[in-house]
Amino acid sequence: MSNQNGKTKLISDNRQARFLYEILETYEAGIELTGTEVKSIRAGRINLKDGYALIRNGEAWLINVHISPYEASGQYFNHDPRRTRKLLLHRKEINKLIGQVEQKGLTLVPLKMYFKDSWIKVSIGLGQGKKLHDKRETLKRRQDEREMQRAMKRY
């Protein structure tokens with residue numbers, strides 16, 4: 001994930017999302033965080049696996065993403081690990097997503113979280129759930145590619 005304008009550093013990757021969903025489009029969104037959440041993210045204590053995004057009242061929300069409490073802070077000043085966080089997107093992007101999610105029945109899933117310069121960004125994907133046979137096909141293709149790589153390595 002390289003960018004001409006600034007530096008990007010991957011924090012967390014949701015590899016399971018690409019297996020469970022066929023990703024049609026991706027969007028880059030900012031995320032509204034508290035201070036202890038930022039410190040915990042910098043320490044790499046985040047899990048995107050169960051997360052998803054919703055659009056409510058014209059705003060995008062990231063739900064069920066686990067950011068562990070910051071250990072160096074006291075219990076009183078810490079954050080709730082699974083709280084709902086606001087995603088920062090342009091109005092045009094939100095309107096486009098509303099149409100896609102409501103009309104076509106697609107899902108918004110977080111794919112990656114990364115630093116872009118000093119900002120924390122989330123890559124969210126507009127995905128359609130895969131059926132069981134599609135998942136099996138993906139596993140078979142991945143296994144075939146692995147076997148071809150092994151065969152090429154031997155010779």
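The entries below begin with the ground rules and then turn to the helix and the loops.

I am working from a predicted model, in which local features need pLDDT of at least 70 and side-chain atom pairs count only at pLDDT 80 or more, while totals for chains, interfaces and linings use all residues. Residues are numbered from 1 along each chain as its sequence is written, and side-chain values use heavy atoms, with hydrogens and water left out.

Helices (H or I, at least four residues) and strands (E, at least two) are DSSP runs, numbered from the N terminus.

I then asked which residues of helix 3 are buried, and found Ile94, Leu97 and Gln100, where buried means under 20% relative accessible area, exposed over 50% and partly exposed in between (1.4 Å probe, protein chains only). These residues cover an arc of only 125° around the axis, so they lie on the same side of helix 3; the arc is that of the directions from the helix axis to the C-beta atoms. On the other side, Lys92, Glu102 and Gln103 are exposed.

Turning to the loops, I noted that Asn57, between strand 4 (52–56) and strand 5 (59–63), has a positive phi near 50° and counts as exposed at 82% relative accessibility. Asn64, in the loop between strand 5 and strand 6 (66–67), has a positive phi of about 65°, and is partly exposed at 24%.
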